[in-house]
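Trainee: I would like to learn how to read helix packing and salt bridges from a set of coordinates. Please take me through an example.

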Amino acid sequence: MTDTPLVEVDDLHFSRGDKEIFRGVSMRIPRGKITAIMGPSGTGKTTLLKLIGAQLAPDAGRVRIDGQDVHALSRKALFRLRRRMGMLFQSGALFSDLDVFENVAFPLRVHTDLPEPMIRDLVLMKLQAVGLRGARHLTPAELSGGMTRRVALARAIALDPELILYDEPFVGQDPISMGVLVQLVKRLNEALGLTAVVVSHDIKETLSIADYVYVIADGQVMAEGTPASLDVERDPRVSQFVHGEPDGPVPFHYPAVDFYRDILDTGRQR
Amino acid sequence: MKRSKTMELGVGLFMLAGILGLVFLGLRVSGLSLSVPADTFTLQANFANIGGLKPRARVTMAGVNVGRVSAIELDTDWYDARVTLELDGALEGQLSRDTTAAILTAGLLGEQYVGLSPGGDPETLGDGDTLTDTQSALVLEELIQQFVSNMVRD
Amino acid sequence: MIPRVIALGRHGCDLLEALGRSGLFLAQSALGWPSREGLYLWLRQMHFVGVLSLAIVLVSGLFIGMVLALQGYTILIDFGAEQALGQMVALSLLRELAPVVAALLFAGRAGSALTAEIGLMKATEQLTSMEMIGVDPLRRVVAPRLWAGFVSLPLLTVGFSVVGIYGGFLVGVEWLGLFEGSYWSNMQASVDFIADVGNGMLKSLVFALVVTWIAVFQGYDLIPTSEGISRATTRTVVYSSLAVLGLDFVLTAVMFGGLS
């Protein structure tokens with residue numbers, strides 16, 4: 001049971017309009033581990049999370065969570081499955097009409113019949129875990145970006161999910177908040193045995209906590225392995241990404257005609 | 001979820017005000033009466049011409065509202081208009097048999113209504129009886145026609 | 001020529017698709033009302049949609065009633081029929097002006113706010129995250145707003161009529177010196193509760209459904225960017241106004257035009 005991966009993605013194809021985003025992506029996400037999905041911006045990492053969460057349906061291929069094909073489930077069964085998943089959105093996505101406490105209490109109130117004192121205790125525990133117990137009366141508008149993400153994290157773990165999906169958890173944070181978030185992701189994984197999927201392009205932070213890494217580019221899995229093995233990977237594309245080199249197989253320049261001809265051609269084109 | 005008493009009160013007042021407004025529109029504007037006249041009795045009256053009389057028009061006696069017109073139909077025996085009047089039950093057995101009914105106009109262009117004037121007969125009218133002495137509506141065209149033909153004769 | 005026909009066909013298909021989508025959306029949301037806490041969520045929206053629109057609707061109603069009385073008086077006095085002022089004010093308001101003007105004001109005040117609010121929730125991923133928590137945003141976010149709008153507008157229309165008739169009374173009786181009794185009695189003699197008040201309310205219910213539906217659908221369906229929100233808000237006001245005026249003609253023809 002514990003050997004089977006929690007999430008299996010099989011030969012996933014997805015396109016938006018005429019643009020092909022995934023051309024056969026497969027991955028296994030093991031239980032209790034932190035799996036990172038990395039890749040340059042615009043490769044559809046967030047789309048992949050939405051496909052796993054069944055907010056989007058693929059053109060072909062399957063996503064199985066705990067053996068269930070999420071895209072074949074009824075709406076009701078899907079909502080039941082989602083109670084076992086938490087998702088941390090890039091923007092935090094706190095409900096703007098509720099304060100911090102109520103935001104964290106929200107999943108408990110809609111999915112459980114717990115008495116009020118117990119909800120209070122649970123919410124305070126979750127807020128304590130992210131270090132924001134004192135901020136429970138603030139409204140989302142009063143929070144900084146890092147605090148918003150921490151509250152959103154507390155909300156995502158309110159129902160003690162088995163799987164948590166992080167969408168760019170570190171992007172746009174100052175070094176202190178970033179460090180706090182990295183610690184939190186790691187600690188939650190260790191303390192609660194959560195299975196985590198981290199979508200990110202912050203290489204250093206992500207590699208420091210991930211157990212296994214998938215690198216996607218051009219709609220396919222370009223490389224996979226442990227952080228240590230990726231570090232010494234010789235494929236120049238992977239190496240460029242992992243080491244953050246500005247130019248390489250992924251060119252610095254957007255495709256264009258030859259620079260000299262473009263400069264010297266003083267014709268009509270702008 | 002935190003509940004705000006003032007908000008609940010506001011919504012409550014809003015809905016209450018809406019319902020009261022509807023009651024106002026019913027009573028004051030459309031003239032519905034809350035005390036539905038539990039007992040009414042009906043009289044029939046035949047008119048040669050009812051002009052613009054409509055169902056629900058007022059029936060008055062000495063200017064006081066005593067009922068309303070409940071139905072108007074063509075009497076195919078006489079080819080005149082049979083008007084059914086619904087009157088206050090207190091008047092049952094009080095109106096004398098020779099009470100007259102006339103179709104009157106409120107003002108020059110106002111709505112038309114039925115006016116009753118009492119007679120002197122000791123016998124009285126009961127439910128379903130017919131008023132025999134009626135006076136039709138004034139039709140402006142007929143008046144003018146009469147006036148013109150009189151002028152010609154002179 | 002051919003490309004134009006193709007473009008027309010594509011527009012037709014898009015329109016039908018949007019209608020179908022919004023119809024499904026309406027059905028899913030409207031049925032979702034009796035949920036846990038649903039009543040309280042609805043109450044909250046009644047506050048935002050109804051109570052907060054009350055001031056603008058009542059003030060407009062007062063002025064429209066006053067203007068009607070003033071305009072009507074100058075016309076009716078030519079026929080010596082100024083005692084019919086109450087009738088004119090009441091019938092114009094009940095049958096026509098109160099449902100239509102209240103609906104237009106409602107579209108501007110509450111409809112655009114609904115679109116912007118739902119649009120903002122969509123743009124900040126609140127709707128998506130709600131779905132990931134396993135709560136259907138149609139039930140939680142859209143349904144209470146839909147029902148609040150549906151209940152609020154008829155109530156606002158009643159308020160509009162009452163205040164407008166009172167405004168007519170102020171101008172006609174208190175200012176122009178009409179006899180008070182004839183203002184009310186003429187009105188009572190000519191206004192029928194079912195035919196006039198009832199049909200006016202029916203119109204208002206139809207407008208309430210259409211305006212709120214357009215507002216929440218535009219909010220839910222917009223492109224989640226700031227430009228998308230501003231466009232959708234404009235669309236809400238434009239579409240609702242057109243729908244209200246167009247439907248008003250149809251309803252008037254059916255109710256009062258002798259068609260049936």
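This is a predicted model: local features need pLDDT of at least 70, side-chain atom pairs count only at pLDDT 80 or more; totals for chains, interfaces and linings use all residues.

Trainee: Which residues of α4(A) are buried?

Mentor: A general point comes before the case. An α-helix has 3.6 residues a turn, so residues three or four places apart point the same way. In this structure, the buried set of α4(A) consists of Ile119(A), Leu122(A), Val123(A), Leu124(A), Lys126(A) and Leu127(A).

Trainee: How many residues does helix α4 of chain A have, and what distance does it reach from its first C-alpha to its last?

Mentor: Helix α4 of chain A covers residues 116-129, which is 14 residues. Its end-to-end C-alpha distance is 20 Å, close to the 20 Å expected at 1.5 Å a residue. Gly131(A) follows α4(A) and has a positive phi, near 75°.

Trainee: Now the salt bridges. How many are there over all chains?

Mentor: The criterion is a side-chain nitrogen of Lys or Arg within 4 Å of a carboxyl oxygen of Asp or Glu. The count over all chains is 24. One of them joins Asp66(A) to Arg84(A), with the closest N and O atoms 2.6 Å apart. Asp66(A) sits in the loop between β4 (60-65) and β5 (68-69), and Arg84(A) in the loop between α2 (75-82) and β6 (85-88), so the pair ties together parts of chain A that are 18 residues apart in sequence.

Trainee: Which other residue forms a salt bridge with Arg84(A)?

Mentor: Glu162(A) does, at 2.7 Å between the closest N and O atoms. Glu162(A) lies in the loop between α5 (145-156) and β7 (163-167), so its pairing with Arg84(A) links parts of chain A that are 78 residues apart in sequence.

Trainee: What does a case in chain C look like?

Mentor: Lys203(C) and Glu96(C) meet in a salt bridge, 3.0 Å from N to O. Lys203(C) belongs to helix α7 (residues 193-221) and Glu96(C) to helix α3 (residues 85-123) of chain C, so this pair ties together parts 107 residues apart in sequence. Lys203(C) is buried, at 0% relative accessibility, whereas Glu96(C) is partly exposed at 26%.

Trainee: Which residues do salt bridges with shared partners join into one network?

Mentor: Arg31(A), Asp66(A), Arg84(A) and Glu162(A) are joined in that way.

Technical notes
Residues are numbered from 1 along each chain as its sequence is written. Chains are lettered from A and ligands numbered from 1 in the order in which they are written. Side-chain values use heavy atoms; hydrogens and water are left out. Helices (H or I, at least four residues) and strands (E, at least two) are DSSP runs, numbered from the N terminus. Buried means under 20% relative accessible area, exposed over 50%, partly exposed in between (1.4 Å probe, protein chains only). The expected span of a helix is 1.5 Å times one less than its number of residues.
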